[in-house]
Amino acid sequence: EGLQDLFFLQSPLEGAEFVARLLGELIPSEAVSVALYDINSNELRFVATSGPGASERKGDAIPTSQGLIGQALLSYGRCLRIDDVAADRRFDPGIDGRLGLEVTTMLVKPVHHDNRLLGVVQMLNRADDFSFSSGDESVLSYVSDKLGDFLAQSKAAGDKPKKRAPGR
């Protein structure tokens, strides 16, 4: 029900911030990040962040082909759940981590629409639990799919030519 408000927002940034807040409530974790895809530079840029190191992470651009985030982007339809981040050789602290946070568990889901990459949602360190669950994966998948719909709708609205006022 909380997602209904998403489609009343005005910009991709507002949508990303809304989703980061909502996921923080639905799946308690130490940190949540939403990054949007920039097709011109082929990078993801963090636009909504919470938790330790959030202000340092916000605005950072990362490549789409490295770290666990890069691995997650290889399969749009699925979440990537890592229960022991330190043991995973694909983990890159500069790409996947946060300043001031020891990352132990991670859940990542690409945001897409019609097979177009639009962004990624990352959750770090499930609170009050050893690791993220399959139920958490389902929630993250649903929310990120709705964010993809919103971002596509937002882009389509921005691409429409503005109507001219009569007599101009």
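Which residue does the side chain of Tyr 37 join in a polar contact of 2.7 Å? The partner is Asn 42, again through its side chain. (A polar contact is a pair of N or O atoms within 3.5 Å; within protein, one must be able to donate a hydrogen and the other to accept it, and residues adjacent in sequence count only if both atoms are side-chain atoms.)

A word on the model before the close-ups. It is predicted, so local features need pLDDT of at least 70 and side-chain atom pairs count only at pLDDT 80 or more, while totals for chains, interfaces and linings use all residues. Residues are numbered from 1 along each chain as its sequence is written, and side-chain values use heavy atoms, with hydrogens and water left out.

**View 1. Confidence along the chain.** The mean pLDDT (the predictor's confidence in each residue, from 0 to 100) is 90 for the chain, and 91% of the residues score at least 70. Strand β2 (residues 43–50) comes out highest, at 97, and α5 lowest, at a mean of 88. Helices (H or I, at least four residues) and strands (E, at least two) are DSSP runs, numbered from the N terminus. Over residues 160–165 pLDDT stays under 50, and the model has 0 contacts beyond four places in sequence for them. Contact here means heavy atoms within 4.5 Å. Where pLDDT is low, the predicted coordinates should not be read in detail.

**View 2. The open sheet.** Six strands line up in the order β3-β2-β1-β6-β5-β4, with antiparallel pairing. Two strands count as paired if DSSP finds at least two bridges between them. β3 (61–63) and β4 (80–82) take the edges with a single partner strand each, so one side of each has no neighbour in the sheet. On average, neighbouring strands are turned by 25° against each other, direction ignored. (Axes are lines fitted to C-alpha atoms, for helices over the stretch in contact, and angles run from 0 to 180 degrees between N-to-C directions.)

**View 3. β1 and its two partners.** β1 pairs with β2 in the antiparallel sense over 7 bridges, and 7 bridges also join β1 to β6, again antiparallel. Leu 36 is a handy landmark: it stands opposite Arg 45 in β2 and opposite Gly 119 in β6. Elsewhere, Ser 33 stands opposite Thr 49 in β2. β1 is largely enclosed by the rest of the structure, because 7 of its 10 residues are buried. Buried means under 20% relative accessible area, exposed over 50%, and partly exposed in between (1.4 Å probe, protein chains only).

View 4. β1 and β2 form a hairpin with 4 residues between them, and Asn 42 in the turn has a positive phi of about 55°. Tyr 37 sits in strand β1 (residues 29–38) and is partly exposed, at a relative accessible area of 23%. Not counting residues up to four places away in sequence, Tyr 37 touches Asn 42, Glu 43, Leu 44, Thr 64, Leu 117, Leu 118 and Gly 119.

**View 5. The nonpolar cores.** A nonpolar core is a set of buried Ala, Val, Leu, Ile, Met, Phe, Trp, Tyr and Cys residues joined through side-chain atoms within 4.5 Å. The largest one has 26 residues, and those with the most contacts inside it are Val 19, Leu 23, Val 34, Met 123, Leu 140 and Leu 147. Two or more residues each come from α1 (12–26), β1, β2, β5 (106–113), β6 and α5, with α1 giving the most, 6 residues. Another core, of 20 residues, lies apart from it, with Ala 31, Leu 73, Met 106 and Val 120 among them. Back in the largest core, Leu 23 is in contact with Val 121, Met 123, Val 139, Leu 140 and Val 143, leaving aside neighbours within four places in sequence.

**View 6. Arg 126 and its polar partners.** Arg 126 is in strand β6 (residues 116–126) and counts as buried, because its relative accessibility is 18%. Its side chain makes a polar contact of 2.8 Å with the side chain of Asp 136 and reaches the backbone oxygen of Pro 28 at 3.4 Å. Beyond four places in sequence, the contacts of Arg 126 also include Ile 27, Ser 29, Thr 105, Ser 131 and Phe 132.

**View 7. Ser 154 on α5.** Ser 154 belongs to helix α5 (residues 134–159) and counts as buried at 17% relative accessibility. Leaving out residues up to four places away in sequence, Ser 154 touches Gln 10, Ser 11 and Pro 12.
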